[in-house]
Amino acid sequence: MPPCIFCAILAGEAPAEFIDRDDFCAAFLDIHPVNPGHVLVVPLAHSELLASVEAATLGHMFRMAQRLDSALRLSGLPCEGVNLFLADGRPAGQEVLHVHLHVIPRYRGDGHHLRFSPEYFKLPSRDELRHNAELLRKQLGGQS
Ligand code: 5GP
Ligand code: ZN
């Protein structure tokens, strides 16, 4: 069995409830759903981090997530909105080190909330925003 659980699932060597699959990615139910119908969209090729996923694969993943969003809203499962979530790296909360996009059905009163540190409630100055934007633009300029 592959050492990566998602590679094992994709190879059919570990069980999962598959929802969709194309030549680039597949979608299966999360084993520990935030809400019923929580789906993971996973590239077929193993990559730990988002930066190493091919652009074409990313397009397929997002399109699959869009179709799942519509399917969830029509499915009869409780779904009044959808969160897309991707944890890129352990400090961002990534537990399974094979890129995956969460598609999470949400409904009023489901009891889930994002929590922010007290820092969040201090608005940054315009100068700080300008400085941070410049740092990012500089990096994008150096990328293909
Ligand atoms: P992360 O924290 O890395 O963004 O999320 C990993 C997700 O993978 C979690 O929501 C977890 O419940 C799910 N997961 C972990 N192991 C398995 C598994 O063996 N099968 C399935 N279907 N989901 C899994
Ligand atoms: Zn993998």
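Let's start at ligand 1, where one of its oxygen atoms sits 3.0 Å from a backbone N or O atom of Val96. That pair is a polar contact, meaning N or O atoms within 3.5 Å of each other. Keep in mind that this is a predicted model, where local features need pLDDT of at least 70 and side-chain atom pairs count only at pLDDT 80 or more, while totals for chains, interfaces and linings use all residues. Residues are numbered from 1 along each chain as its sequence is written, chains are lettered from A and ligands numbered from 1 in the order written, and side-chain values use heavy atoms, without hydrogens and water.

Back to ligand 1: a side-chain N or O atom of Asp30 is 2.4 Å from one of its oxygen atoms, and a backbone N or O atom of Leu29 is 2.9 Å from one of its nitrogen atoms. On its own, ligand 1 exposes 520 Å², and the protein buries 83% of that (areas by the Shrake-Rupley method with a 1.4 Å probe).

Now look at the zinc ion (ligand 2). Cys4 (SG), Cys7 (SG), His46 (ND1) and His98 (ND1) coordinate the zinc ion at 2.0 to 2.3 Å; donors here are N, O and S atoms within 2.8 Å of the metal, or 3.2 Å for Na, K and Ca. Why is the arrangement tetrahedral? Because the four donor atoms subtend angles of 104 to 120 degrees, and four donors count as tetrahedral if all angles lie between 85 and 135 degrees.

Terms used
Tetrahedral: all angles 85-135°; square planar, octahedral: opposite > 155°, others 65-115°. Polar contact = N/O pair within 3.5 Å; in protein donor to acceptor, adjacent residues only side chain to side chain.
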